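Let's walk through this fold together, strand by strand. Have the viewer open and follow along as we go.

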Amino acid sequence: MQSKILGLLALAIVAAPASASVVAVGAGAFGAGSTLTTFTGLADGTEVNGLVVDGITFQYSLGDGLVIINGGPGETNNVSPQNVVSIGDPAGVLTIVLPSLVNAFGYGFAILSSDPIASATTMSLFNGATAVGSLSFSGAPDPAFAGGFAGLQSTLAFDRIQVIFSGGPAFALDNIRTANINVPEPGTLALLGLGIVGLGLGRRRKAA
């Protein structure tokens, strides 16, 4: 009976599709070994759609002329000149393609609004064409504009992020952080659970 239960549990673990656990992290989670990408040195008006910085490619779903490099909206706690700024329709999707797989990603952001904004920015993660997970972040006065740091960590690696902003007529993005932080894979956690179950069954058998 014990061997049958263990066999069924192992089969369930192997058959279950992998799904990521995505959690919010602060800028402090990006320690030694992480990378920081800024836009310092780029000229005002540089087109962001098709731009490549530090091997990271930026694409904007609504095309050219709507998102550029600029100093606006001014200094915040998480955004400083130069940065990515929308000067046209801010409702497009900013796709960020990384040069390699990571499991942690974040950026400073600001929305042209003085009011707090729920779900001010949302990240959707992909490994190639495979969806990994998504997470939304609120914006709070930072200090004059709604914004903050949007950071996340995933149990599955990803190399493409789709970012949207909402709640104001313009957005800014700066200080992109990437890292590979050691986290237990879902399969590892499942195997650990299986081992604990096995130990419990073994002890019950001995007690009997």
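Strand 3 (residues 52-53) and strand 4 pair in the antiparallel sense over 2 bridges; two strands count as paired if DSSP finds at least two bridges between them. Val52 has Thr57 of strand 4 as its bridge partner. The two strands form a hairpin with 2 residues between them. Asp54, in the loop between strand 3 and strand 4, has a positive phi of about 55 degrees although it is not a glycine. Asp54 counts as exposed, at 53% relative accessibility; here buried means under 20% relative accessible area, exposed over 50%, and partly exposed in between, with a 1.4 Å probe and protein chains only.

Before we go further, a word on ground rules. This is a predicted model, in which local features need pLDDT of at least 70 and side-chain atom pairs count only at pLDDT 80 or more, while totals for chains, interfaces and linings use all residues. Residues are numbered from 1 along each chain as its sequence is written, and side-chain values use heavy atoms, with hydrogens and water left out.

Stepping back, the protein chain has 2 helices and 11 strands, where helices (H or I, at least four residues) and strands (E, at least two) are DSSP runs numbered from the N terminus. Along the sequence they follow the pattern α-β-β-β-β-β-β-β-β-β-β-β-α. Of the 208 residues, 38% count as buried. Contact means heavy atoms within 4.5 Å, and among contacts between residues at least 6 apart in sequence, 75% join residues at least 24 apart. The accessible surface comes to about 10200 Å², of which 59% belongs to carbon and sulfur atoms; these areas come from the Shrake-Rupley method with a 1.4 Å probe, and for residues only the protein chains shown count as cover.

Which residues have the most contacts inside the largest nonpolar core? They are Ile96, Phe105, Tyr107, Met123, Leu173 and Ile176, in a core of 36 residues. Strand 4, strand 5, strand 7, strand 8 (117-127), strand 9, strand 10 and strand 11 each supply at least two residues of this core, and strand 7 gives the most, with 8 residues. Apart from this core lies another, of 5 residues, among them Val25, Phe30, Phe149 and Ala179. A nonpolar core is a set of buried Ala, Val, Leu, Ile, Met, Phe, Trp, Tyr and Cys residues joined through side-chain atoms within 4.5 Å. Ile96 shows how such contacts reach across the sequence: leaving out residues up to four places away, Ile96 touches residues including Ile56, Phe58, Phe105, Ile161, Leu173 and Ile176.

Next, the aromatic rings. A pair of aromatic rings is described by the distance of the centres and the angle of the planes. Rings of Phe, Tyr and Trp (its six-membered ring) pair if their centres lie within 6.5 Å, and planes under 30 degrees apart count as stacked, over 60 as edge-to-face and the rest as tilted. By this rule there are 6 aromatic pairs. Phe105 and Tyr107 have ring centres 6.0 Å apart and planes at 65 degrees, so the pair is edge-to-face. Phe105 is buried, at a relative accessible area of 0%, and Tyr107 is buried with a value of 0%. Ring pairs link Phe105, Tyr107, Phe109, Phe165 and Phe171 into a cluster.

Strand 7 (residues 94-111) also holds Leu101, which is partly exposed at 39% relative accessibility. Leu101 and Asn180 are 79 residues apart in sequence and 8.3 Å apart in space, C-alpha to C-alpha.

Finally, two backbone details are worth a look. The peptide bond from Pro81 to Gln82 is cis, with omega near -10 degrees, and Gln82 lies in the loop between strand 5 (67-70) and strand 6 (83-86). The bond from Asp142 to Pro143 is cis, with omega near -10 degrees, and Pro143 sits in the loop between strand 9 (130-141) and strand 10 (146-165).
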